[in-house]
Amino acid sequence: MSDIVVAKRYARALFEAAKEQSAVAQVETELNEVVQTVQNHAELRKVLDHPNIDVPAKRQLMSSIFAGRLSPLVLNIINLLIDRRRQSLLPIVLSDFVQISNESLGQADATVYTALPLTEAQVKEIAEQFSRMTGKQIRVQTVIDPSLLGGITVRIGDRLYDGSLAGKLERLEKSLKQAQAM
C-alpha cells in the first residue's frame, strides 16, 4: 500500500515539473518507452532488480540504453527511483502520471475492442461520441478481439460500455425474461 502512495507522489511531482516545462505529452511518451523497454527485456529487469549490482552501475546502464532519447525530467525520475531502490515502481508511476495528466487536461483514455480493424473515420467518430458523453477529450486505442461477434466494447477508466452483439443479445434476453415474468 505504501508503494502505491509513494508512486503517486513521484507521479504528481513529475507531472508538476513537466507541466511547468510544457512537456507533459513528451514526458508521458518517454516514460512509456522506458516502461515498455524494461518490461520487454527480462535481462534488463533482472539487472535493475538485482540487490548486488550497485546503484551507479544501474544508473549508467539506463543512461547508456536511453542516451539522447530522454529528457532530463524523465532521466532524473529514473535515477531517483534507482537511487532509492524503487525502480520497480516505474510502471505504477507511469500509470499514475497518465491518470493525473488526463484529469488535469480534461482527457480520458479509451480502449476500444472490436472484431475487425477500424478506419480512421470510425475511430474519430467513436472519440467524438464518447467525448460528448464524458465531457472529456478522448484518446482512443483500438484492440482487435476476435472473440467479439460484432459491435464494440469501450473501456474508459473503470467503466465498460458494451455495444457488442453478444451484449445486446444478453440485454434482449434479460428484457424478454422480465416481460414473461409479468
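A: Helix axes are here lines fitted to C-alpha atoms over the stretch in contact, and the angles between them run from 0 to 180 degrees between N-to-C directions. Helices are DSSP runs of H or I with at least four residues, strands are runs of E with at least two, and both are numbered from the N terminus. The model is predicted, so that local features need pLDDT of at least 70 and side-chain atom pairs count only at pLDDT 80 or more, while totals for chains, interfaces and linings use all residues. Residues are numbered from 1 along each chain as its sequence is written, and side-chain values use heavy atoms, with hydrogens and water left out.

The axes of helix H3 (residues 42-49) and H4 come within 10 Å and cross at roughly 150°. H3 is therefore roughly antiparallel to H4, a term for angles over 145 degrees. To this contact (heavy atoms within 4.5 Å) H3 brings Leu44, Val47, Leu48 and Asp49, while H4 brings Lys58, Leu61, Met62 and Ile65. By class, the contact of H3 with H4 has six nonpolar, no polar and two charged residues, where Ala, Val, Leu, Ile, Met, Phe, Trp, Tyr, Cys and Pro count as nonpolar, Asp, Glu, Lys and Arg as charged, and the others, Gly among them, as polar.

Arg69 is placed in the loop between helix H4 (55-65) and helix H5 (72-83). With 42% relative accessibility, Arg69 counts as partly exposed, a class that lies between buried (under 20% relative accessible area) and exposed (over 50%), with a 1.4 Å probe and protein chains only. Leaving aside residues up to four places away in sequence, Arg69 touches Glu30 and Glu33, and its side chain makes a polar contact with the side chain of Glu33 at 2.5 Å. Such a contact is a pair of N or O atoms within 3.5 Å; within protein, one must be able to donate a hydrogen and the other to accept it, and residues adjacent in sequence count only if both atoms are side-chain atoms. Arg69 and Val34, which are 35 residues apart in sequence, are 9.9 Å apart in space, C-alpha to C-alpha.

Thr153, in strand S3 (residues 151-156), is buried, with a relative accessible area of 11%. Ser22, in the loop between helix H1 (2-20) and helix H2 (24-40), counts as exposed at 70% relative accessibility, and its phi is near 50°, a positive value in a residue other than glycine.

Methods: Parallel < 35°, antiparallel > 145°, perpendicular 65-115°, else oblique.
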